[in-house]
Amino acid sequence: MPAPIRLRELIRTIRTARTQAEEREMIQKECAAIRSSFREEDNTYRCRNVAKLLYMHMLGYPAHFGQLECLKLIASQKFTDKRIGYLGAMLLLDERQDVHLLMTNCIKNDLNHSTQYVQGLALCTLGCMGSSEMCRDLAGEVEKLLKTSNSYLRKKAALCAVHVIRKVPELMEMFLPATKNLLSEKNHGVLHTSVVLLTEMCERSPDMLLHFRKVCLLVPQLVRILKNLIMSGYSPEHDVSGISDPFLQVRILRLLRILGRSDDDSSEAMNDILAQVATNTETSKNVGNAILYETVLTIMDIKSESGLRVLAINILGRFLLNNDKNIRYVALTSLLKTVQTDHNAVQRHRSTIVDCLKDLDVSIKRRAMELSFALVNGNNIRGMMKELLYFLDSCDPEFKADCASGVFLAAEKYAPSKRWHIDTIMRVLTTAGSYVRDDSVPNLIQLITNSVEMHAYTVQRLYKALLDDISQQPLVQVSSWCIGEYGDLLVSGQCEEEEPIQVTEDEVLDVLEGLLVSNLSTPVTRGYSLTAIMKLSTRFSSVNRIKKVVSIYSSSIDVELQQRAVEYNALFKKYDHMRPALLERMPIMEKTASNGPTEIMQTNGETEPSVPDTKHLPLVTQPANQANDLLDLLGGNDVVPVIQTTLPTKPASAGGELLDLLGDLSLTGGPTVVPAPAPSVPVSQPPFLLDGLSSQPLFNDTSAAIPPMTAYSKNGLKIEFTFERANPNPNIAVITIHATNTTEADMTEFVFQAAVPKTFQLQLLSPSSNIVPALNQGSVTQVIRVLNPQKQQLRMRVKLTYTHKGSPVQDLAEVNNFPPQSWQ
Amino acid sequence: MLRFLLLFSRQGKLRLQKWFTPVTEREKKKVIREMTLMVLARPPCSCNFLHWRDLKIVYKRYASLYFCCGLEDQDNELLTLEVLHRYVELLDKYFGNVCELDIIFNFEKAYFILDEFLMGGEILETSKTAVGIAMEEAETLQETMEEYMSKPTY
């Protein structure tokens, strides 16, 4: 058998391959030769073969069949074999293979070898890839070597100990005695690795940390070593650009950071040296800046005095102006860490940070963006937002989503005026509209709804934006929703903030229909536009056109669109009398507690998907047996959530009758807008609506009994209120109305409505029926839930409609005689 | 600590890989591919630091080779640049004006030098000369061809 080719020969040969296929062929041939050589248990050439195998492994070819051979090499007496064997073990083996445990004995022997370089190989391998089992078995040997006077071995043993501790933290204790005099070494290698070992121990165990701090008095020792390093003269073997052993200096600073953290005495003891390093380090080269950087991190993390902190932040400020990109990058990163604790100091560098937004480097831009958002506050919002919006315009797509979210958050927190807020949102939607996150759409809709006085302005601007561009879905969705809601303001040209545009109803409908047919619109967007068109049927006069559109889509392939269209069609046909009330203006929405993605309404224990628009139709109380199609909209729950619609300053064309209910009920005389819950809107659920929605009214009266009262009694109709307290929330009063009829004729189509003052919130559940039988033969019951967080006196205005003996009856009444226990 | 150190050429060919934590072969290949793509895509005058998963990536180009390593959150990026530089200096001292070919043909030596400089992701020796001395002395222990043949293996 000819001798296997040498390693360098093989490398040369493989490099001559012109194609991947050619290379593969060569490698396969050589692997076959190596395999047969391994099979023959050839001791002489094993080393050469394994070396070749390692080369091929680096090229990406499998080499697992060499694993056992590495073990054989390690066991060999020849140093050459051991060297390659250990290298192979580190490259081909790890703790996942059971084979690796076979190494343990060899390593143990080699740790006690007479030649330090063999011991070194063993320590190195153990310290790089030793598994927990190996570490457990060999920790004793490592500990022994940690106490040797041979600095070559001692430094390797120290890092090996670090690895052991990382793998098996329980073994930390056993290394403690050996650390006693580690720092009195002169050898820098030992010093450095000792500091690493001490750092590892302090980070992992608070007890160790205390021990080193108080008992061993580590801080003064470290300070002394650091001082010597700085003051000592030139040492050629450790010098880097005029600085003596920067690696050791940085490592000591890092350990000082851990020791000084939340400890006044230690922080005090290192004050001087930190100041000295901070002021005297040469900053012309990267190495000096590396030390300064670590110093700054340490100063900011320990309990340093304020002068030192200011010094640190100023160093970072200087870093920001440095020509070197790397230094600017680390400055931004560090400032980001400190902005929470030293906000004012960082604010001083705001303009430099904002300039970094224009940097060409991607990493720097990202850091600058994050830091800019952290620095936005009420005072600088206008200026900062200008810069950030400019950044949003021109930045790479990878930033746009984060930047847009950041802008929305900042605008929400610090907007100086509603108009500014809406303008900012518009700007984001028009410039980065397609990158805006999905949950922003409902948030924006809610914001717009709640900015009552800006409705006309908003819808006008959104309409104009739509005319320009319909490709950005979030923008289109928000716009369609607004046009659906406030289309009447649009055509009536009522804008105060800017020049009102002249637009006709047909033009508006053209735009919305255009969205429906456009290829750019997603199914969700189409849903929005269809619903918007539908809503305009109560706001515009061109109802026929709308009817036509709706009926076309009732045979749409898209199931969602089809369902909507069918139901809207039903609204036109069978339930036309409900249409005005259903399509009324949305009330002000309450923001849910969480700022996360939109809250999903819990109905009967199942969550509904938050497709906002189908749920945006407010429903008037209806007996459960009517309008089943509409109930299906909500997923078929048997509870019909109800809103008392409240109208802002301008009454909608329809539903005016409900407005009167609220005429002067508000306690503070502000706009008569009672924030009523809109349960079908995912965003706006006050928590109490979710409580117990799955169960019917709580009839188990576990709280102190509140006496019932007669709320209304007229013309033979008597309405009694009985009370329970909702257990989960004592601010909620649960009232059950019992309507009875003493006359001889039934009262049919009975509808009970109620409204409460501004500080309350009301929910009406569905009534048991809508016929109040004559002669007290039965009653209609209905549950009202009132949230009264401010515990104010409960007042209610009720409206009753019914048909009696063929003629419709309607009555309004105020209920003021609530017993005190119901609201206290 | 360093998590890994990779050396690769401008064409993305791997010249050295050192992993300081246990990583599967598959994961190694994935990381190498991602590092190569990310680093080679960087424009020439960008900063040497990147963010990737939960690690900081520091890379530096020396002639035709990219030196790339992954750091943990606590590590000092600027100092790591010095670490990479020190390694290149050590290679340079050993090989005499080191170039990529030296590392290709003598990859095992490159590993030996690395193992005298770093261990377990931490710096083992800060002295420029100590590493060179250790390499020299270890070399003397390596058997010549005759010695190798005549000495019994076990």
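## Interface of chain B and chain A

Across the interface of chain B and chain A, 37 residue pairs, both at pLDDT 80 or more, are in polar contact (a pair of N or O atoms within 3.5 Å; within protein, one must be able to donate a hydrogen and the other to accept it, and residues adjacent in sequence count only if both atoms are side-chain atoms). The model is predicted: local features need pLDDT of at least 70, side-chain atom pairs count only at pLDDT 80 or more, and totals for chains, interfaces and linings use all residues. Residues are numbered from 1 along each chain as its sequence is written, chains are lettered from A and ligands numbered from 1 in the order in which they are written, and side-chain values use heavy atoms, with hydrogens and water left out.

On the side of chain B that touches chain A, helix H5 (residues 128-141) of chain B gives the most, with nine residues. Helices (H or I, at least four residues) and strands (E, at least two) are DSSP runs, numbered from the N terminus. Contact means heavy atoms within 4.5 Å; chain A brings 80 residues to it and chain B 70. About 6,800 Å² is buried between the two chains, 55% of it from carbon and sulfur atoms; buried area is the accessible area (1.4 Å probe) that two parts lose on being put together, summed over both.

## Salt bridges

Side chains of opposite charge can pair when their charged atoms come close. The rule for a salt bridge is a side-chain nitrogen of Lys or Arg within 4 Å of a carboxyl oxygen of Asp or Glu. Over all chains the search finds 60 salt bridges, and across the interface of chain B and chain A it finds nine. Two examples follow.

| Salt bridge | Closest N and O atoms |
|---|---|
| B:Glu122 with A:Arg251 | 2.6 Å |
| A:Glu200 with A:Arg166 | 3.2 Å |

The pair of A:Glu200 in helix H10 (residues 188-204) and A:Arg166 in helix H9 (residues 151-167) links distant parts of chain A, 34 residues apart.

## The sheet of chain B

Chain B has an open sheet of five strands with antiparallel pairing, in the order E2-E1-E5-E4-E3. Strands E2 (14-19) and E3 (49-52) of chain B stand at the edges with a single partner strand each, so one side of each lacks a neighbour in the sheet. Two strands pair if DSSP finds at least two bridges between them; strand E4 (residues 55-62) and strand E5 (residues 65-71) of chain B are joined by seven. B:Lys60 stands opposite B:Phe67 in E5(B).
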